[in-house]
Amino acid sequence: MSALRPLVVALLLVGTPFAVFAGQGPRIITSPVEARGLEGVGRLDFAGGAGFCTAALVSPTHVLTAAHCVFDSRSGSPMRPEELTFRAGLRFGREEARRRVRRLAVHPDYRYDDDALRHSVNADLALLELDRALNLPNVLPFKAEGRLDRGDTVQVVSYAKEREHAPAIEDDCVVLDRYRRILTLSCQINFGSSGAPVFARTSDGLQLVSVISAMGVDEDAGLAFAVTLGRNGLSDLIAELQRSPSLPPVRKTLRFDGSDRSEGAPDSTIRFLRP
C-alpha cells in the first residue's frame, strides 16, 4: 500500500488543514538506562520470516497491537496464534523474555480488506493472549487508558525498517488533529511500527492511550495515524478474546545462553508492514 494513501484518508476525515511540527525524530534506545521502564514494549515476530510488528504488554498475559498486523496480506485471513512470538525488550539480539501466543482477537468493528484503511482505522486493534504469564520485576505492563486531544505531546516507542534490532523512542510527537478515535500525529514512523504504543506521561507513569495504525507524508514531513482505545478501553477486545479458541500451553525449552524460548519460536525476522 502506498505511503501516500493514509494521508489522503486522513485529510478526508479531518477536513481541515493542520501544521506539521518537525521534531527531532526517533532515536534508537542503546543502553539499559534508556530502556528502563520500556521493557514491556516488544517486537511481535511472525513465523517463516514473514516479518514483524510492534506490540506492548498491557497485562502479564496480554499484549496489544494493530489488527492489520495479525492478518496474512496474501490470503486476507487472520494468522494462527502459533505463528506469533512476542519478544519483550528486544535490543541487539538480547530480550527480556520471549512468549508465544495462545489466542488472539481483533476489535469487533475491524474489517480487513483492500479498503480497510478507509473503513477500519478506527478499529485497528488486536489483543493477544500469551502462552505463559510474563511476571518479571523489570518487565511491567502498561496501563491502557486515557484520552488525547489536539495539541497534546506523546511518546511513541517502536521497531521499524532499518532499526529492527532495537526499539526507537520519539518523545516529542504532537497530536495534530483528531477525528473520533483516529489521531494524526507528527511522528516519523516506518514499516514495522504498526502496533506501536502511543504513550501519555502522567503522574503515575506512562499510560498507553493509542496504537499506531498507518503512516503518511505531508510536504516532506512524517505523519502517523493512530487509533485510540475508545470509551470501553480494552473491554471489547477482552470480550472477543474470551470467545476465541485457545491453544494448549507449549513446552518450554532452555537455550545455553540462559534465555528462555518456547519450542518452535522463530528466529529474528524482518517484515516491512503495509502502512
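**Strands, turns and rings**

Colleague: Which residue is the bridge partner of A88 in β6?

Modeller: The partner of A88 in β6 is A97. This is a predicted model, in which local features need pLDDT of at least 70 and side-chain atom pairs count only at pLDDT 80 or more, while totals for chains, interfaces and linings use all residues. Residues are numbered from 1 along each chain as its sequence is written, and side-chain values use heavy atoms, with hydrogens and water left out.

Colleague: And how many bridges join strand β5 to strand β6?

Modeller: Strand β5, residues 84-88, and strand β6, residues 97-106, are joined over four bridges and run antiparallel. Two strands count as paired if DSSP finds at least two bridges between them. Strands themselves are DSSP runs of E with at least two residues, helices are runs of H or I with at least four, and both are numbered from the N terminus.

Colleague: What do those strands belong to?

Modeller: They are part of a barrel that six strands close in the order β2-β3-β4-β7-β6-β5, with antiparallel pairing. On average, neighbouring strands of this sheet are turned by 40° against each other, direction ignored. Helix α4, residues 235-242, packs on the sheet and touches β4, β6 and β7, and its direction makes about 90° with that of β6. Axes here are lines fitted to C-alpha atoms, for helices over the stretch in contact, and angles run from 0 to 180 degrees between N-to-C directions.

Colleague: How many helices and strands does the protein chain have?

Modeller: The protein chain has four helices and 16 strands. Of its 275 residues, 54% count as buried, where buried means under 20% relative accessible area, exposed means over 50% and partly exposed is in between, using a 1.4 Å probe and protein chains only.

Colleague: Changing topic, where is L183 found, and is L183 buried or exposed?

Modeller: L183 is found in strand β11, residues 182-185, and with a relative accessible area of 0% it is buried. Leaving aside neighbours within four places in sequence, L183 is in contact with several residues, including L148, V175, S210 and F225, where contact means heavy atoms within 4.5 Å. L183 and L148 are 35 residues apart in sequence, while their C-alpha atoms are 8.3 Å apart in space.

Colleague: What about the two faces of β11?

Modeller: Both are covered, with I182 and T184 buried on one side and L183 and L185 buried on the other. In a regular strand, side chains alternate between the two faces of the sheet.

Colleague: How does β10 pair with β11, parallel or antiparallel?

Modeller: Strand β10, residues 163-179, pairs with β11 in the antiparallel sense over four bridges, and V175 stands opposite L185 in β11. The two strands form a hairpin with two residues between them, and R180 in the turn has a positive phi of about 55°.

Colleague: Is R180 buried or exposed?

Modeller: R180 is exposed, with a relative accessible area of 65%. Another residue with a positive phi is E162, where the value is near 70° although the residue is not glycine. E162 lies in the loop between β9 and β10, and its relative accessible area of 69% makes it exposed as well.

Colleague: Now the rings: how many aromatic pairs does the structure hold?

Modeller: The structure holds three aromatic pairs. Rings of Phe, Tyr and Trp (its six-membered ring) pair if their centres lie within 6.5 Å, and planes under 30 degrees apart count as stacked, over 60 as edge-to-face and the rest as tilted. The ring centres of F71 and Y110 are 5.8 Å apart with the planes at 50°, so this pair is tilted. F71 is in the loop between β4 and β5, and Y110, 39 residues away, is in the loop between β6 and α3.

Colleague: And how are F71 and Y112 arranged?

Modeller: That pair is stacked, at 4.8 Å centre to centre with 5° between the planes. Since Y112 also lies in the loop between β6 and α3, the pair ties together parts that are 41 residues apart in sequence. F71 is buried at 7% relative accessible area, whereas Y112 counts as partly exposed at 21%. Ring pairs link F71, Y110 and Y112 into a cluster.
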